[in-house]
Amino acid sequence: MRTVKTPEGASRFCFNVAQPAAAPIAAQEISARKNAADVSIVLMRSKNACEQFYMRLGAFLKLAHNDIRVRVLPEISETSGSDAERFDSYCERVGTLNAMSVAGAGAPPCVVLATPQALFSNAPKPDASEFLLIKKGDSIAIEKLRETLVKFGYYNEVLCEAPGQFALRGGIIDVYPLSASSPLRIDFFGDEVDEIRTFDPNTQLSDGRARELRIDSASALEDAPQAPAFEYLRGKKISWILLEPAVLAQENTELFYVPDEGKAPYKNFSTLFAEDFSKSDFLGLSLLDSHAGILTALGKPNFLRKTFPNTARLRAWRASATRLTRRRASCAAGSCRGLRTGTGAALK
């Protein structure tokens with residue numbers, strides 16, 4: 001068996017990267033390639049790691065004045081969590097797949113945090129997804145929209161408070177799409193969509209405006225033709241960031257290793273890394289000095305100096321990250337006197 005390799009000349013590797021340093025380095029890479037990549041994929045070991053990294057990466061992107069949205073692609077498991085937890089994961093997965101499918105096609109780029117298994121889990125084929133797109137000024141009968149929502153598997157409730165629900169009151173329909181971060185209120189003037197607004201599901205008060213909304217079907221998911229989630233990346237310009245690539249390969253051997261002769265009998269990362277699948281760039285970040293042979297470029301001790309040309313700035317960040325780590329350890333020991341991060345000042 002041999003490891004899957006990235007294309008020649010398309011990868012870089014940075015070792016001796018402590019865990020607190022991974023987020024700012026990833027943010028720097030994403031910001032630098034904002035106009036060159038449609039989707040930035042950050043591969044991590046577990047869903048918990050993705051959720052923890054989500055907050056830190058978003059904070060450093062804001063410090064870099066980058067408004068690119070970060071999403072998590074969860075893996076759906078029938079044996080873990082309650083029905084409500086699996087439904088929440090499913091809604092989040094639908095939203096992330098939608099963002100992946102439209103990125104680079106007139107839509108802004110996106111950052112996706114995922115585990116290797118999440119990318120290879122089945123999802124409705126990109127061309128088989130059933131959805132309804134409504135824009136301001138569209139003409140649609142309220143009764144027809146209600147019938148479509150019922151067909152899509154949405155529940156008609158008195159109040160629209162959770163994904164998969166809608167509420168009808170006169171010339172107004174409240175709907176909470178599966179992939180939306182908040183419910184939306186569609187105000188009709190006759191059969192014309194007069195206004196689309198977001199609202200708070202707790203107070204039911206409008207808090208913003210929207211030009212359009214996408215309503216994904218919940219009923220056709222199991223019946224629709226299935227394909228691995230990575231099919232939503234086909235033809236995209238992708239920036240890959242692998243956190244601890246050697247560990248990822250060790251824990252997912254079936255995805256990172258291929259036979260010495262011939263092709264693997266199943267799809268793995270050799271498909272995603274193929275040049276005819278997408279145009280990709282690769283960066284490996286690791287505390288270890290090994291990337292298991294996945295990345296074709298060797299790691300260089302001065303990689304950080306190339307990423308952060310200002311050496312004094314890098315030293316300031318390292319000192320700030322060290323202080324933050326020590327304060328967290330102090331809090332864990334019960335002697336915390338307040339925790340403030342100083343990394344933002346160092347990176348400005």
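Trainee: Leaving aside neighbours within four places in sequence, which residues is Leu133 in contact with?
Mentor: This is a predicted model, where local features need pLDDT of at least 70, side-chain atom pairs count only at pLDDT 80 or more, and totals for chains, interfaces and linings use all residues. Residues are numbered from 1 along each chain as its sequence is written, and side-chain values use heavy atoms, with hydrogens and water left out. Contact means heavy atoms within 4.5 Å. On that basis the partners of Leu133 are Asp138, Glu212, Leu213 and Arg214.

Trainee: Is Leu133 buried, partly exposed or exposed?
Mentor: Buried means under 20% relative accessible area, exposed over 50%, partly exposed in between (1.4 Å probe, protein chains only). Leu133 has 37% relative accessibility, so Leu133 counts as partly exposed.

Trainee: Which residues touch the most other members of the largest nonpolar core?
Mentor: A nonpolar core is a set of buried Ala, Val, Leu, Ile, Met, Phe, Trp, Tyr and Cys residues joined through side-chain atoms within 4.5 Å. The largest one has 37 residues. Those touching the most other members are Ile41, Leu43, Leu119, Leu233, Trp240, Phe256 and Phe269.

Trainee: What share of the protein is buried?
Mentor: The protein has 348 residues. Buried residues make up 44%.
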